[in-house]
Amino acid sequence: MIAFCHITNLTELWENHKNNMSLDILQQERHRSGNHELAVTPYILNKTLILIENDLLKISGKKLSDFNMESPLRTDDNDNNFLRDRAYIAETSYDYDILSNYIQENEPKLTNDQQVVYNTILQSVLQDTGELFFLDAPGGTGKTFMLNLLLAKLRVERIISLAVASSGIAATLLQNGKTAHSAFKLRLDLQTNERPVCSVKKQSSLGKLLRETRFIVWDESTMANKGGPEALDRTLRDFKNNDRPMGGVVILFAGDFRQILPVVPKGTKSDEINACLK
C-alpha cells in the first residue's frame, strides 16, 4: 500500500492500526521474556516499523521517510547492514534446506530435453565458461519449471544467480524474480540512447551483487529492447573488469520469437526489427 497506493496520511494510518500490526512481535516478546501480560511498548512498535521498512526497501528501494513518515530507529548492526546491503543480502539469504528438498523432489521430473538444457547450463556455470545461451521455449514446454529448478540448484551451491524477466507477470513465476528494468536499473530511453548503461553505482549494494553474480536468466527476452542486454553487457564488463561478453557471466536468454516483439511507440516495422534481440 505504501509503495503503490499513494496514501495521503501514512502516519494516521499507522496510528490507527499499529497495535494490530505489532501483535506477532508482541507474542514473540512475551514468549522470550516469559511475561504473558506484556503490553505493546515503543520497542515493539519500532521493531514493527523496521520490518515494514525492510519490505518497503525490497519493493521500492525507498524508506518510510520518503513518504513523509518518521523512519524507525535502527541501532542493531544487522538492521543497518540491511539498509546498506539489502540487494546483496536478498540474494545470499536463502533457506538452503528448502532449496535442497525442492531439488530432490523435482529433479526426477525433468524430461529428456529439459535434462539436456539443465545439465548444459549447470556445467557452464560451474566451470565458469562465460557462455551466452538462448532457450527457444514456446508455451507449455515446461520452461519455467526447468528455470526455477536450475536457479535452486545453483543457489544451493552458494552461486549468486539472478532471475529477471521482461514483463512483470513472467517475473512473478521465477523464484525471487524481478523485472529486468527493476533488477538492473535500466534506462527508459533504450530506443534512442545509442550506448545505454545500467543506472547502478559500482560501489552500491546492487553493484556489489552484480560483481559477484555468476549466472543470470532473462525470461521473455524476445520482448525486450536490445538496448537492455547491451546496457547490462557494458555494465558487467566495467564492474568485473572483464572484457568478455557480459563480463564473463553465464547468461541464459529465454523466450519465443513467435510471440510479441519489442513495442516501439510510433515505430515502423524496421524500427521493431532493429530493437529486437535477434
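Mentor: One term before we start: a polar contact is a pair of N or O atoms within 3.5 Å, and within protein one must be able to donate a hydrogen and the other to accept it. Also, keep in mind that this is a predicted model.
Trainee: Okay, so what does the side chain of Arg155 reach?
Mentor: It reaches the backbone oxygen of Gln175, at 3.1 Å.
Trainee: And is Arg155 buried or exposed?
Mentor: Arg155 counts as buried, because its relative accessibility is 2% and the cut-off for buried is under 20%. Arg155 sits in helix α7, and among the residues it touches are Glu91, Tyr94, Leu99 and Asn176.
Trainee: Which residues of α5 are buried?
Mentor: Leu99, Ile103 and Asn106. They're on the same side of α5, because they cover an arc of only 85 degrees around the axis. What covers them includes α7.
Trainee: What's exposed on the other side of α5?
Mentor: Asp97, Ile98, Gln104 and Glu105.
Trainee: What caps the N-terminal end of α5?
Mentor: Asp95 does, with a side-chain oxygen 3.1 Å from the backbone nitrogen of Asp97.
Trainee: New topic: how many residues are in the largest nonpolar core?
Mentor: There are 27, and Leu150, Phe215 and Leu252 have the most contacts inside it. The largest share, eight residues, comes from α7.
Trainee: What does Leu150 touch, leaving out residues up to four places away in sequence?
Mentor: Tyr118, Ile121, Leu122, Phe215 and Leu252. Apart from that core lies another one of 24 residues, including Val200 and Trp218.

Conventions: Residues are numbered from 1 along each chain as its sequence is written. This is a predicted model: local features need pLDDT of at least 70, side-chain atom pairs count only at pLDDT 80 or more; totals for chains, interfaces and linings use all residues. Side-chain values use heavy atoms; hydrogens and water are left out. A nonpolar core is a set of buried Ala, Val, Leu, Ile, Met, Phe, Trp, Tyr and Cys residues joined through side-chain atoms within 4.5 Å. Buried means under 20% relative accessible area, exposed over 50%, partly exposed in between (1.4 Å probe, protein chains only). Helices (H or I, at least four residues) and strands (E, at least two) are DSSP runs, numbered from the N terminus. Contact means heavy atoms within 4.5 Å. The arc is that of the directions from the helix axis to the C-beta atoms.
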